[in-house]
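Here is a report on one protein model. Have the sequence and the 3D view open as you read.

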Amino acid sequence: MTSDGRTLRRIAVVTGGNRGIGLEICRQLARHGGIRVVLASRDGKKGKVAADKLRGEGLEVEDHKLDVTSDNSIKTLAGWMADTYKRCDILVNNAGILADPRGSRVLDSKVETWRDTLETNLFGPLRLIRSLAPLMIRNSYGRIVNVASGQGQLSDMGAGTPAYRVSKTALNALTRTLAAELNGSGVLVNSMCPGWVKTDMGGSSAPRTVEQGADTAVWLATLPDGGPNGGFFRDRKPIAW
């Protein structure tokens, strides 16, 4: 609520928003009420198609082209957010890749695979946070949600997909570090695991729907003041790091 009694509309940025879990996060946030969603995607045409679909459902969504591996692309988004809205209230770092070949192991993996994976899954969120968190801090309000994975849990670490696993473990470390640094600022930072979801990445054998996969991210993105900070969640419940 603003000082003159008007309801404050929150502005949310969701990366990788054109399909799968990202698209469903956009949908659920826009349905939440009082939130305008910026659907960010690397492919601008696909982003527009996805946003048009949500707008056709009567939801308040706009699309913006974004390559999370590009400093210039992120700078453009941050400048546009500052000029257009003068705020960013919610950032969901959902964009990610699984570049490990099937059956990949550390000893036969390629360094290029690690570089590409970390560039998107870790440095992408880091770049976005560095660019958009200052808008949150300035307004004493923000919710940052990093979409991680159970494959990044140190407590249950196993073999296979090593670059992806390590990138998600590192993303969780970023969550913990940033949450501690921003403690008391009004900005809450958390990680979540969507589980094994039926998406292009998860495959058709996955047991969970995109609706189920998106739910915890939306919950964390809309936490009340004083909500959890620096946690790792699945199905709205804390899980081990």
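## Terms and ground rules

A crossover is right-handed if, with the strands pointing away from the viewer, the path from the first strand over the helix to the second runs clockwise. Helices (H or I, at least four residues) and strands (E, at least two) are DSSP runs, numbered from the N terminus.

This is a predicted model: local features need pLDDT of at least 70, side-chain atom pairs count only at pLDDT 80 or more, and totals for chains, interfaces and linings use all residues. Residues are numbered from 1 along each chain as its sequence is written, and side-chain values use heavy atoms, with hydrogens and water left out.

## The sheet

Eight strands make an open sheet, ordered β3-β2-β1-β4-β5-β6-β7-β8, with mixed pairing. Its edge strands are β3 (61–65) and β8 (237–238), and each pairs on one side only. Two strands pair if DSSP finds at least two bridges between them. Strands of a sheet pair through backbone hydrogen bonds, either parallel or antiparallel.

β4 and β5 run parallel and are joined by four bridges. In that pairing, L91 stands opposite I144 of β5. The chain goes from β4 through helix α4 (residues 111–138) to β5, a right-handed β-α-β crossover. β5 and β6 also run parallel, joined by six bridges. R143 has L188 in β6 as its bridge partner. A right-handed β-α-β unit is made by β5, α5 and β6. On to β7 (residues 232–234): β6 pairs with β7 in the parallel sense over two bridges. Here S191 stands opposite F232.

Helix α5 (residues 162–181) packs on the sheet and touches β5 (142–147), β6 and β7. Contact means heavy atoms within 4.5 Å. The direction of α5 makes about 160° with that of β6. Angles run from 0 to 180 degrees between N-to-C directions, and axes are lines fitted to C-alpha atoms, for helices over the stretch in contact. Helix α6 (residues 210–221) packs on the sheet as well, touching β4 (90–93), β5, β6 and β7. The direction of α6 makes about 165° with that of β6.

## Strand β5 and G142

Why is β5 largely enclosed by the rest of the structure? Six of its six residues are buried. Buried means under 20% relative accessible area (exposed is over 50%, partly exposed in between; 1.4 Å probe, protein chains only). G142, I144 and N146 point one way from β5, while R143, V145 and V147 point the other way.

G142 lies in β5 and has 0% relative accessibility. Leaving out residues up to four places away in sequence, G142 touches D89, M136, G186, V187 and L188. G142 and I11 are 131 residues apart in sequence, yet 9.9 Å apart in space, C-alpha to C-alpha.

## N190 in β6

N190 lies in β6 (residues 187–192). Buried or exposed? N190 is buried, at 1% relative accessible area. Its side chain reaches the backbone nitrogen of G230 at 3.2 Å. Beyond neighbours within four places in sequence, the contacts of N190 include I144, N146, T175, L220 and F233.

## Cysteines

How many disulfides does the structure hold? Zero, where a disulfide is a pair of cysteine sulfur atoms within 2.5 Å. The sulfur of C26 is 13 Å from the closest cysteine sulfur, in C88, so it is too far for a bond. C193 is in no disulfide either, and the nearest cysteine sulfur, that of C26, is 19 Å away. C26 is buried at 0% relative accessible area, and C193 is buried at 4%.

How values were computed: A polar contact is a pair of N or O atoms within 3.5 Å; within protein, one must be able to donate a hydrogen and the other to accept it, and residues adjacent in sequence count only if both atoms are side-chain atoms.
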